[in-house]
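Subject: Structure handover

Hello,

Here is the structure for you to look through. My notes on it follow below.

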Amino acid sequence: MAVLALDRSTAAARRAYLKQVVGDGGRARLSTSLLLLDSVAAIGFAAGLAGAVSALVAGLPLWHWVALTGLSGVARGLCVWGAARIGARGASAAKGRLRERIVAAALNRAPGAARTSGELLQAAVDEVEAIDGHVARFLPARQAAALAPMIVLAAIAAASPVAAAILFATLVPFIFALVLAGGAAADQSRRQFAALARLSGLFADRLRALPVVLAFDAPAREAERLGTAATDVADRTMRVLRVAFLSSGALEFFSALSVALVAVYCGFNLLGLLPFPVPETLDLASAFFVLALAPEFYAPLRRLAAAYHDKQAAETAADRLSAVEREAAPSVCVKVAEGAPALSFAGVCVRYDGADRAAVAEVTFDVAPGEIVALWGPSGSGKTSLLRLLLGLAPIAAGKVRVNGELLPLGGSVAARASWLGQNTLLLPETIAHNIGLADPGASRASVEAAARQAGLAAMLAARPDGLDTRLDARGSGLSGGERRRIGLARAILKPAPLLLLDEPTAHFDAAAEREMIDTIAQAAKGRTVLMATHSEALAAIAGRIISLERLA
Amino acid sequence: MTNLAVLIARETARERRTLVRAAILASLVTAASVALLGLSGWFITAAALAGAAGAAAAMAFNYMLPSATIRLLAIVRTGARYGEALASHAAALGAVARVRPAIFRGVAALPIRQALAVTSGDVTARVVNDLTAIEHDLVRRSAGPAALSAMLSGGALAGIGGLLPAVIIAATAAGVLMLARLIVRPLAAHASAAQAHNGALKQRMSLLLESAPELRCFGLEQSAAAEIRREADALNAAQLACADVHARITLLHVAAIGGSAAAVFALTAPAGAPIAAMAVLAAAMTIDGLAPLIRRIAGRAEVACAHARLGDLLGEADTAAPMRFAAPTVAFEPDAAIAHGGRMAITGASGSGKTTLIESLLSLRSVKPRTAWLDGVDIAYVAPKTLRAAFAWLPQDAALISGTVRDNLLMADPAASDDALWAVLADAAMDARVLAMPDGLDTWVGENGERLSGGERRRIALARAYLRPAPWLLLDEPTESLDAETEAQVVRRLEERLRRTGQGLLLASHRSLPQGLCSQRRSVELA
């Protein structure tokens with residue numbers, strides 16, 4: 001019982017989340033209106049046919065009835081066309097907004113969240129995609145399914161209340177069957193979804209493990225195993241489908257049955273051979289109208305059934321996306337006084353969620369204002385984690401970090417007063433000046449130029465006709481690795497920040513380039529507190545102190 | 001025909017009986033649909049005429065046969081549609097269940113660089129999607145026969161009213177299909193643009209996520225989000241273009257139903273009201289019956305892309321049996337071979353290339369000549385299978401496959417007995433842990449061993465290496481993420497095991513305890 005209640009509450013949470021993310025500015029409603037209009041056009045189509053047939057019998061002119069038939073047909077086409085286009089635009093807008101939320105969550109993820117950036121990419125790009133069909137098709141179809149059959153039924157009732165009653169009567173057992181079988185069918189269909197996902201998962205798993213499979217010379221055996229599993233899942237899926245198709249079978253059955261019953265009733269009524277009294281006598285026009293319109297009664301429900309898997313895909317995605325959003329935790333910027341800050345690390349441990357060992361364990365050291373301190377140790381010893389810690393990008397599991405004596409809270413960040421230079425420099429597809437100026441939007445052109453000069457970019461800029469106004473692409477094509485990093489350095493210099501965080505700023509440089517870079521860094525370090533992670537002895541040599549970190553096991 | 005086309009053709013041929021059944025049932029569905037509406041139209045109109053002619057005419061009207069047929073058709077249509085859905089899914093699932101392992105074999109046989117490119121999550125996801133697209137196309141195989149049957153039955157019913165209406169139905173149907181082909185033509189370009197934008201978006205976003213510290217220091221989260229939005233907008237635009245093509249096809253199809261009905265009615269009017277009524281509804285249902293085929297046509301661009309991409313993944317398997325050395329030497333310098341049974345530690349700072357060297361020995365990356373020698377032969381010229389038969393490997397990431405403990409161990413030796421499995425688990429100091437697990441050897445380890453701790457994962461991967469009957473053990477960080485006590489136990493049992501089996505040992509480790517097993521050292525320097 002508890003499990004059931006839990007299921008219900010997660011289902012409700014999921015629905016609420018979906019509703020909230022797909023609030024699409026009324027496009028679904030517009031799309032629904034067009035689907036309803038399609039049902040109205042279907043009434044015109046049936047009226048055209050009925051009028052034409054009875055006019056033919058009566059020897060009256062036909063052409064306007066034929067024209068009504070053709071035009072109604074075209075109008076139906078235009079309605080579904082419009083509904084599809086508007087639905088697609090609504091989905092596009094909803095995806096855009098949802099993606100922005102997921103991107104914002106990804107950019108502000110809590111320090112230490114276990115999710116890899118691969119998973120975040122998957123969420124922001126592919127899983128957001130799963131709500132497309134939900135907004136574009138399922139929502140309009142669901143709203144239309146509630147109203148359109150009633151519109152059709154009203155039109156039929158106007159021509160023949162008994163035929164309308166017959167149709168309505170088939171709807172009652174249909175809904176009864178759906179309620180009875182619906183839970184089972186939905187459950188089966190979820191299981192089908194899960195079985196197919198499992199199969200894809202198994203295949204993806206063996207591809208992922210390919211190096212091991214190859215090294216153990218096991219491709220043939222694993223392929224065979226994959227085959228057995230796939231055949232097994234295929235068999236199981238078929239058992240599931242046998243039940244799942246029953247619900248669409250029921251829909252189909254009542255749809256066909258309603259047409260047959262209406263046809264037979266109308267025929268007998270016209271012949272005057274009904275074995276029971278009815279309060280109406282039909283003429284050919286109304287009988288034919290009813291017959292031609294009868295299939296439209298179930299059409300909206302069939303459209304809804306066809307969009308059902310869109311709903312399931314969206315629900316699966318909603319669970320994962322809401323989890324990503326829940327993990328977001330905007331960092332808190334702590335206030336740091338003017339002037340180079342003092343830092344103190346006391347017994348600091350960093351441990352990421354789901355990791356089986358700490359990334360940093362029991363690290364203690366102090367940095368005096370204006371001091372340059374190098375963090376030294378093999379990869380995996382937690383140098384970068386210590387730097388990221390100060391920006392609220394790594395979780396403090398134990399110990400205390402103080403900035404100017406003030407405690408840094410969990411997720412707290414000194415970003416407002418810090419500059420960063422890493423191995424890779426972030427470049428936006430803008431000019432070099434813009435890329436440097438990102439550090440300080442209020443900076444004058446002269447100060448950007450000064451920062452560029454100080455970072456050693458003068459020769460590179462002089463060699464380019466547009467100098468600082470040279471446009472870059474996002475990859476920084478046409479720049480060497482050193483030039484890219486110097487742009488990053490210029491950015492770090494431009495920002496009037498008294499704390500400089502350097503993450504292996506000279507990695508992959510040759511000796512000469514490294515020498516130049518180190519000189520520039522030494523210049524930039526004046527008046528700043530510098531904490532840097534490095535493997536380079538030459539760079540570490542400019543540090544006042546070297547803190548050795550051990551690789552942890 | 002491409003290899004993939006041959007493969008799919010072969011696997012679908014094995015499902016021929018099911019496919020034929022699906023095709024027959026699908027044809028029955030559309031024929032019954034056309035007949036149900038056509039006959040109903042005729043029945044009502046004829047009944048109205050008879051009813052109007054007086055009670056005698058009404059009594060003389062044979063209503064039993066048509067009304068019974070109408071009910072029969074309704075039941076046939078329902079049953080046939082259910083049977084068709086089952087049959088076509090059974091055929092598609094069955095065929096793709098056999099295509100999947102074939103694709104896996106093909107990927108495994110690719111040159112190593114291409115093969116390993118497929119193991120990245122993104123590419124794997126695309127392969128899975130491509131297979132799904134092919135499966136969906138197989139499900140829709142009966143769409144062609146269904147459309148043909150609709151055209152034939154519609155033509156036959158309208159043909160009662162004259163040849164011309166039958167021709168009109170056939171011509172409208174053919175016209176709709178041809179126009180649909182024309183309309184979907186831009187779809188391939190839009191779909192591949194969407195695919196390209198999808199890749200670009202992921203790349204841009206991954207770059208920005210990696211720059212988290214810079215974003216934070218310089219307050220660039222907003223501009224990063226704007227950057228991503230620009231890429232995402234391009235992706236959305238391409239997808240919208242695809243959706244618009246699909247909308248146009250729907251417009252064509254639905255409008256054609258009304259158009260053909262109007263035209264056929266106008267043409268069959270001279271044959272009298274009952275016949276015209278039958279023909280007009282038959283015409284509408286005929287065009288309606290083209291729906292599955294039109295969906296298949298619209299999906300073709302995607303299926304063709306899936307075919308092209310999967311086709312590139314089929315390498316030619318090397319069927320030659322590997323050469324097996326009983327006791328080969330290993331050398332990292334041409335004249336300094338280590339005799340079989342020797343023990344060497346591969347040392348060097350992180351990032352200096354220890355793992356690269358190990359993966360080269362297994363031919364898991366393209367090997368530069370003069371990297372290493374196996375029994376005096378440069379490994380760049382040794383067949384991958386021969387190299388892999390010489391080394392039993394513990395990968396640095398201790399990768400496991402999703403399955404049971406037993407599944408993982410049996411990779412190393414499919415014929416191993418349970419006793420042999422327990423013996424290697426004991427050597428890896430893992431036997432007690434597995435014994436304590438709820439299902440013992442049959443405990444499910446989860447995807448990449450996610451249900452195990454890092455240390456458990458590593459010891460199972462170590463046991464797997466022990467089980468492999470190869471002359472050399474190649475262990476990359478065997479005691480990483482183990483506590484001191486377990487590490488000591490693992491090293492002690494490894495020592496005993498080496499003495500017992502006489503296997504050679506190549507070991508990369510940061511830790512001093514396992515390094516103590518080795519008598520020689522090979523230092524790797526940054527390339």
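In β3(A), Val363(A) is the bridge partner of Val348(A). This is a predicted model, in which local features need pLDDT of at least 70 and side-chain atom pairs count only at pLDDT 80 or more, while totals for chains, interfaces and linings use all residues. Residues are numbered from 1 along each chain as its sequence is written, and chains are lettered from A and ligands numbered from 1 in the order in which they are written.

Strand β3 (residues 360–367) of chain A runs antiparallel to β2(A), and 5 bridges join the two. Strands here are DSSP runs of E with at least two residues, helices are runs of H or I with at least four residues, and both are numbered from the N terminus. Two strands count as paired if DSSP finds at least two bridges between them. Strand β2 (residues 343–350) of chain A is also joined, by 6 bridges, to strand β5 (residues 396–403) of chain A, again antiparallel. There, Lys400(A) in β5(A) stands opposite Ala346(A).

Chain A also has an open sheet of 5 strands with parallel pairing, in the order β8-β9-β10-β4-β11. Its edge strands, β8 and β11 (545–548) of chain A, each pair on one side only. From one strand to the next the twist averages 15°; axes are lines fitted to C-alpha atoms, for helices over the stretch in contact, and angles run from 0 to 180 degrees between N-to-C directions. Helix α15 (residues 481–494) of chain A packs on this sheet and touches β8 and β9 (499–503) of chain A, its direction making about 175° with that of β8(A). Within the sheet, β4 (residues 372–376) and β10 (residues 529–534) of chain A pair in the parallel sense over 5 bridges, and Leu375(A) has Ala533(A) in β10(A) as its bridge partner.

The contact between the chains takes 116 residues from chain A and 119 residues from chain B, where two residues are in contact if their C-beta atoms, placed from the backbone, lie within 7 Å. On the side of chain A that touches chain B, α8(A) gives the largest share, 30 residues. The residues of that side divide into 73 nonpolar, 22 polar and 21 charged. Ala, Val, Leu, Ile, Met, Phe, Trp, Tyr, Cys and Pro count as nonpolar, Asp, Glu, Lys and Arg as charged, and the others, Gly among them, as polar.

For chain B, an unreviewed UniProt entry carries the annotation "domain: ABC transmembrane type-1" over residues 22–267. That span is 91% helix and 0% strand.

Regards

Technical notes: UniProt positions renumbered as here; feature names shortened; annotations may be inferred.
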